[in-house]
Amino acid sequence: MLDCRLPSFLMNSFQYIGNLTTPLSLVFIGIEMSKIPLGEIGFDKDLLLGVAGRFLVCPVCVLALVPLLPVTPLSAQIFTMQATMPAMTQMAIVAKNYGADSAYAATLSFLTVLLGIVVVPLYMMLVNMYI
């Protein structure tokens, strides 16, 4: 913004730190998940609603809105697939930072990533056939 150029060693350092955010968030999710015994991960109503919201409600909302917008078919496919992606991994970090249930957020993120392995290819087939 100020057209101020930082030395290259600083720019390289900042770039390395910036590239670590996703791996570090996954390490944090792993730490949070390791504290939860696998037998205690129950599919309660809230967890099922979170998964349904991520994989059903979001894509259906996009599919309902796309015909109302002047977008190309490729854009409609991209928007639909973005709405179908698993929950973001940073939500566990934000939950921990604000004193919320970070273990629950990590569980939801982990579960959506696992289910995304099956759900995302299914949506790819559906989107390619109908849009």
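Reply: Let's start at Val 62, which is in contact with Phe 79, Thr 80 and Ala 83, leaving aside its neighbours within four places in sequence. Contact here means heavy atoms within 4.5 Å. Keep in mind that this is a predicted model, where local features need pLDDT of at least 70, side-chain atom pairs count only at pLDDT 80 or more, and totals for chains, interfaces and linings use all residues. Residues are numbered from 1 along each chain as its sequence is written, and side-chain values use heavy atoms, with hydrogens and water left out.

Where does Val 62 sit? Its place is in helix 3. Helices are DSSP runs of H or I with at least four residues, strands are runs of E with at least two, and both are numbered from the N terminus. Why does Thr 80 count as buried? Because its relative accessible area is 0%. The cut-offs are under 20% for buried, over 50% for exposed, and partly exposed in between, with a 1.4 Å probe and protein chains only. Setting aside residues up to four places away in sequence, Thr 80 touches Val 62, Leu 63, Val 127 and Ile 131.

Leu 65, Leu 68, Leu 69, Val 71, Leu 74, Ile 78 and Phe 79 make a nonpolar patch of about 670 Å². Phe 79 is also one of the contacts of Val 62. Patches are made of residues with over 30% relative accessible area and no salt bridge; nonpolar side chains (Val, Leu, Ile, Met, Phe, Trp, Tyr) are joined within 5 Å, like charges within 9 Å. The areas come from the Shrake-Rupley method with a 1.4 Å probe, and for residues, only the protein chains shown count as cover. Helix 4, residues 73-84, gives the patch its largest share, three residues. Leu 69, on the other hand, lies in the loop between helix 3 (45-65) and helix 4. With a relative accessible area of 47%, Leu 69 is partly exposed.

Next, helix 6, which covers residues 102-130. From Val 62 to Leu 122 is 60 residues in sequence and 16 Å in space, C-alpha to C-alpha. Leu 108 lies in helix 6 and is buried, because its relative accessible area is 14%. Apart from neighbours within four places in sequence, the contacts of Leu 108 are Leu 47, Gly 50, Val 51 and Met 91. Ser 102 is in helix 6 too, and is buried with a relative accessible area of 6%.

What about helix 2? Val 27 has its place there and is partly exposed, at a relative accessible area of 48%. Val 27 and Leu 111 are 84 residues apart in sequence, with 16 Å between their C-alpha atoms.

How many salt bridges does the structure hold? It holds one, between Arg 5 and Asp 3, whose closest N and O atoms are 3.3 Å apart. The term needs a side-chain nitrogen of Lys or Arg within 4 Å of a carboxyl oxygen of Asp or Glu. Side chains of opposite charge can pair when their charged atoms come close. Both Arg 5 and Asp 3 are exposed. Between the C-alpha atoms of Arg 5 and Leu 108, 103 residues apart along the chain, there are 41 Å.

Finally, step back. The protein has six helices and zero strands. Its radius of gyration, taken over C-alpha atoms, is 19 Å, whereas a compact globule of 131 residues would have one near 14 Å. That globule rule is 2.2 Å times the number of residues to the power 0.38. Along its principal axes, the C-alpha trace spans about 50 × 45 × 25 Å. Of the 131 residues, 27% count as buried. As for confidence, pLDDT is the predictor's own score for each residue, from 0 to 100. The protein averages 86; among its elements, helix 4 has the highest mean (92) and helix 2 (residues 21-34) the lowest (80).
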